[in-house]
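Please read it alongside the sequence and the structure shown here.

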Amino acid sequence: MNNLIKNSFFTFIKPLTPSVTQIPTRLHLSIMSSINNEIPTATPINKRAQEVSPLPKVKKQKLKRYKAKKADPTSPSGVLQFEIDDLLKTHNLTRDEVSNDISAILNDFSRDDENSITHKYHRIVNDVEILTLTSSGDGLALIDNPVEQTKKQIAIVPFGLPGDVTNIRVFKTHPHYVETDLLDVNKKSPIRRDDLIKDKYFGKASGSQFEFLTYEKQLEIKKHTITNAYKYFAPRLMGEGLLPTTGTTIASPLQYNYRTKITPHFDMPRKVKVLEERPPLGFGQKGRPTWRKDTLEVGGHSSTLDIDSCALATDILNTGLTNERRKFNTEYKNYKKGATILLRENTIVLDESKDIKEQLGEGSRDENGEVSYVELEDKEHGVKLIKTCVTNQRQIVAEYVDGYTFNFTAGEFFQNNNSILPIVTKYVRENLQIPNSKADEPNYLVDAYCGSGLFSVCSSKGVDKVTGVEISADSVSFAEKNAKTNGIKNCDFIVGKAEKLFESISTPNDRTSVILDPPRKGCDEVFMKQLADYYPARIVYISCNVHSQARDIEYFIKETEKGSHYKIESLRGFDFFPQTHHVESVCVLSRV
Ligand SMILES: C[S@@+](CC[C@H](N)C(=O)[O-])C[C@H]1O[C@@H](n2cnc3c(N)ncnc32)[C@H](O)[C@@H]1O
């Protein structure tokens with residue numbers, strides 16, 4: 001850019017436009033990018049010279065336009081927009097004051113030049129204070145705009161904690177924020193506890209964000225995430241004081257080695273038909289951070305890190321990972337494209353009268369070709385359990401929750417942290433109780449989005465009838481089998497969309513409670529309207545995306561005809577995923 005300013009074209013522009021130093025920088029950038037693109041069209045300055053010796057024709061390059069991707073407001077990138085606005089409000093800034101000239105970067109055809117606009121934007125910035133945390137667990141900071149002195153930029157700093165003073169590298173620009181890598185922490189946040197980190201890949205891999213926080217702090221942050229979600233997506237409920245205080249987040253009994261499913265993957269390098277070298281097998285890298293100096297080389301430097309153990313996965317999955325990596329070392333040449341390897345824990349209730357090996361079934365095998373397993377004891381229910389690691393998506397596996405056994409295919413949805421499930425299912429069961437019920441009054445339960453019947457089965461005692469609905473026919477057939485295997489006779493399951501449910505419910509609404517446990521995108525308006533028309537006595541809404549939950553609850557109470565007859569009784573998180581930013585939120589509604 002500076003070269004351009006110095007060169008003779010600039011002297012040509014000068015009489016036609018204000019001096020570059022006088023014009024606002026934003027306009028300056030646009031002019032510069034148009035200089036870069038349209039130099040050949042500027043030649044008319046010297047028409048006579050052109051006639052004498054015509055300049056060679058250079059193909060005119062088209063200006064690239066920034067196309068914003070449409071994001072669901074309740075997705076991480078949608079929520080970030082609310083978080084950016086929050087930060088701007090605190091610092092008395094407008095969106096315009098933190099906007100970046102995306103068009104100049106997109107149309108920077110001299111980006112290899114170290115004076116280019118891209119180099120100016122994508123630079124190292126030292127001594128940046130982290131101001132706040134996003135709900136995705138990243139730090140947010142304000143830095144100076146590198147080309148427009150009156151403006152600022154919002155920087156996303158993964159692994160930055162509020163109060164940290166850091167050095168960061170900006171590597172990607174968006175209209176209202178920039179993405180950065182954390183290079184150094186010059187001054188530590190009072191909440192930073194690097195001594196707690198157990199995982200050698202932490203700070204580099206994308207899977208976990210919170211290992212350097214005490215567990216109490218993690219739970220507190222998740223509570224804050226829930227409160228913020230309702231502030232953003234249920235502003236009317238918040239404004240009218242209709243929300244209860246968010247409860248304390250319920251801890252997971254296991255805080256490491258809890259995940260019962262992991263999916264390491266590898267990519268096929270571009271233009272490679274046969275793999276000559278074993279590619280890294282593991283999980284995605286989160287940028288190119290360098291703040292953990294002693295683990296810089298760990299896992300390599302590809303966008304997929306080579307990962308030989310997972311601190312969050314159960315012991316048997318780590319054994320499976322070792323087995324499958326050994327297998328991959330010799331078999332990688334057989335792959336024609338990248339692939340994901342499923343590692344799913346399978347639990348078998350041991351029949352002590354039989355040989356263990358006869359009961360194992362298929363599973364990941366050790367170097368001697370034997371199925372690997374670990375043995376555990378469930379003291380509360382007086383049984384021994386064996387865990388194996390299944391790699392076949394279609395294989396039927398089992399989970400053991402609170403004395404009940406659940407079967408499902410390894411590739412299908414099932415909750416991922418077995419240790420917290422007895423606590424959650426108990427909480428849901430207790431909150432479904434219809435208040436002031438008399439002993440002889442019947443009670444009914446509807447389990448919308450029931451999967452393979454986890455909540456239906458665990459809540460079936462003390463209820464006259466359970467009706468579950470689920471879109472996956474496979475899951476419904478497992479839900480039916482699971483009810484039968486566990487000796488439960490009062491559960492019926494329907495294959496279909498949740499909205500279909502209301503065609504088949506015949507139970508009296510005054511005596512019926514409803515469980516909602518939809519996927520991340522939440523429920524739709526049609527479903528919420530029908531739910532309000534049905535007018536059940538109680539609703540327990542469980543969600544892995546508290547933002548879509550908050551949106552749905554506001555819609556239900558404020559936009560449906562009978563929604564205003566409900567009160568939000570409680571709202572709290574359950575920590576299904578310790579060491580990560582994720583939180584499962586449970587909201588209980590009762591009729592008033
Ligand atoms: C978060 S899972 C919950 C499953 C179950 N409650 C459990 O805890 O195991 C959401 C379930 O909703 C199902 N689902 C998605 N869209 C649906 C729809 N429109 N109607 C009914 N079920 C749906 C999915 O197949 C999935 O099993």
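In this predicted model, seven strands form an open sheet of mixed pairing, in the order 16-15-14-17-18-20-19. Two strands count as paired if DSSP finds at least two bridges between them, and the elements themselves are DSSP runs numbered from the N terminus, with helices being H or I runs of at least four residues and strands being E runs of at least two. The edges of the sheet are strand 16 (491–495) and strand 19 (566–574), each of which pairs on one side only. From one strand to the next, the twist averages 15 degrees. Within the sheet, strand 14 (residues 444–448) and strand 15 run parallel and are joined by five bridges, and Ala448 has Val469 of strand 15 as its bridge partner.

Two helices that pack on the sheet can be described by their contacts and directions. Helix 14 (residues 473–485) touches strand 15 and strand 16, and its direction makes about 170 degrees with that of strand 16. Helix 17 (residues 546–559) touches strand 18 (538–543), strand 19 and strand 20 (584–591), and its direction makes about 155 degrees with that of strand 18. Such angles run from 0 to 180 degrees between N-to-C directions, with axes fitted as lines to C-alpha atoms, for helices over the stretch in contact; a contact between two residues requires that their C-beta atoms, placed from the backbone, lie within 7 Å.

The numbering of residues starts from 1 along each chain as its sequence is written. As the model is predicted, local features need pLDDT of at least 70 and side-chain atom pairs count only at pLDDT 80 or more, whereas totals for chains, interfaces and linings use all residues.

**The ligand and the annotated positions**

Around the ligand there are 19 residues, of which Tyr449, Gly451, Ile471, Ala498 and Asp517 come nearest; a residue belongs here if its C-beta atom, placed from the backbone, lies within 6 Å of the molecule. This shell divides into 12 nonpolar, four polar and three charged residues, where Ala, Val, Leu, Ile, Met, Phe, Trp, Tyr, Cys and Pro count as nonpolar, Asp, Glu, Lys and Arg as charged, and the others, Gly among them, as polar. Helix 13 (454–458) and strand 15 (465–470) each supply at least two residues of the shell.

An unreviewed UniProt entry lists Gln415, Tyr449, Glu470 and Asp517 under "binding site", and the annotation "active site", also from an unreviewed entry, covers Cys544. UniProt positions are given here in the numbering of the model, with shortened feature names, and the annotations may be inferred rather than shown by experiment.

Three of these positions lie in loops: Gln415 between strand 13 (404–409) and helix 12 (421–431), Tyr449 between strand 14 and helix 13, and Cys544 between strand 18 and helix 17. The table gives their burial, for which a residue is buried if 20 or more other C-beta atoms lie within 10 Å of its own, exposed if 12 or fewer, and partly exposed in between, with C-beta atoms placed from the backbone.

| Residue | Other C-beta atoms within 10 Å | Class |
|---|---|---|
| Tyr449 | 23 C-beta atoms | buried |
| Cys544 | 19 C-beta atoms | partly exposed |

Leaving aside residues up to four places away in sequence, Tyr449 touches Glu470, Ala498, Leu516, Asp517 and Pro518.

**The TRAM span**

The annotation "domain: TRAM", from an unreviewed UniProt entry, covers residues 119–184. This span is 5% helix and 58% strand, and its end C-alpha atoms lie 20 Å apart. Strand 1 (residues 124–133) pairs with strand 2 (residues 139–144) in the antiparallel sense over three bridges, with Ile130 opposite Ala141 of strand 2. Their hairpin has five residues between the strands, and in it Gly137 takes a positive phi near 85 degrees. Strand 2 is also joined by six bridges to strand 3 (residues 152–157), again antiparallel, and here the partner of Ala141 is Ala155.

**The chain as a whole**

The protein chain has 17 helices and 20 strands, and 40% of its 592 residues count as buried. Among contacts with a separation of 6 or more, 67% are between residues 24 or more positions apart.
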